[in-house]
Amino acid sequence: MNNSGNMMQQTDKLDALATFTRLVGEATTDSDAFQAADRAAGQLIGHRLCTIMAFHADAMEVERCYSSNPEAYPAGGRKQKRDTDWGRHVLQEGRHYIGYEAADIRRHFNDHELIDSLGLRSILNIPVRCHGKTIGTLNLLHEAGYYDESQVGLASIIASGLAGTLLSR
């Protein structure tokens, strides 16, 4: 394999991340920052749906701040995550979650029928963390089998870029 192709790919990724960080830094609204994350995640990882949630630790709820499909998933929607395996794993322990197929989504998400009706069968949830605490999540959804561990690093970088925006809400 030609290493120059890999270098160009790495350069393209770095350029996309640099653009994302510049856009988040210049954002004058939460929506601008969230849209920059949506675009970066789409370009670098891929998704059919991107949502960004704020975590309300006291209530163990996540609140949708942004959705690339506001008709199906409008901003403001809340999900209760108290006493759930997903809530412990992602929100309390600060670990990513990959749902590889529809059965994984059914196991963890009450709105699985809506997710399935949109043709979304895999999910990548990345906690947004600050000072050792989860303050939100970046959620990417796509066709079955789309996500794997190789995408977690880039998604985590994008998620970390949202910390300031989520903290300022």
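Colleague: Let's start with the charged pairs: which residue forms a salt bridge with arginine 78, and how far apart are the closest N and O atoms?

Modeller: Bear in mind that this is a predicted model. Arginine 78 sits in strand E3 (residues 78–80), and its partner belongs to strand E2 (residues 61–67), 17 residues apart, so the pair links distant parts of the chain. The partner is glutamate 61, and the closest N and O atoms are 2.7 Å apart.

Colleague: Is glutamate 61 buried or exposed?

Modeller: The cut-off for buried is under 20% relative accessible area. Arginine 78, at 45%, counts as partly exposed. Glutamate 61 has 18% relative accessibility, so glutamate 61 counts as buried.

Colleague: Why are aspartate 85 and arginine 88 separated by about one helical turn?

Modeller: Their salt bridge has its closest N and O atoms 2.7 Å apart. Aspartate 85 is exposed at 52% relative accessible area, while arginine 88 is partly exposed at 33%. The separation is about one helical turn because the two are three residues apart in helix H3 (residues 85–92).

Colleague: And which residues do salt bridges with shared partners join into one network?

Modeller: A search of the whole structure finds 10 salt bridges. One of them is the pair of arginine 78 and glutamate 61. Bridges that share partners make one network of Glu61, Glu63 and Arg78.

Colleague: Stepping back to the whole chain, in what order do the elements run from the N terminus?

Modeller: The protein chain has seven helices and six strands. Helix H1, for one, covers residues 3–26. From the N terminus on, the order is α-α-β-β-β-α-β-α-α-β-β-α-α.

Colleague: What is the radius of gyration of the protein chain?

Modeller: The C-alpha trace spans about 50 × 35 × 30 Å along its principal axes. For 169 residues, a compact globule would have a radius of gyration near 15 Å; the chain agrees with that, because its value is 16 Å.

Colleague: What percentage of contacts between residues at least 6 apart in sequence join residues at least 24 apart?

Modeller: As background, 46% of the 169 residues count as buried. A contact here means heavy atoms within 4.5 Å. Among contacts between residues at least 6 apart, the share joining residues at least 24 apart is 55%.

Colleague: Last one: how far apart do the centres of the positive and negative side chains lie?

Modeller: The accessible surface comes to about 8600 Å², with 49% of it belonging to carbon and sulfur atoms. As for charge, there are 17 positive and 21 negative side chains, and the centres of the two sets are separated by 3 Å.

Key. Residues numbered from 1 in each chain as written. Predicted model: local features only at pLDDT ≥ 70, side-chain atom pairs only at ≥ 80, totals over all residues. Heavy atoms only, no water. Salt bridge = Lys/Arg side-chain N within 4 Å of Asp/Glu carboxyl O. Helix = DSSP H or I, 4+ residues; strand = E, 2+ residues; numbered from the N terminus. Buried < 20%, exposed > 50% of the residue type's maximum accessible area, 1.4 Å probe, protein only. Rg over C-alpha atoms; globule rule 2.2 N^0.38 Å. Areas by Shrake-Rupley, 256 points an atom, 1.4 Å probe, with all protein chains shown as cover. Lys, Arg positive; Asp, Glu negative; His and termini not counted. Charge placed at Lys NZ, Arg CZ, Asp CG, Glu CD.
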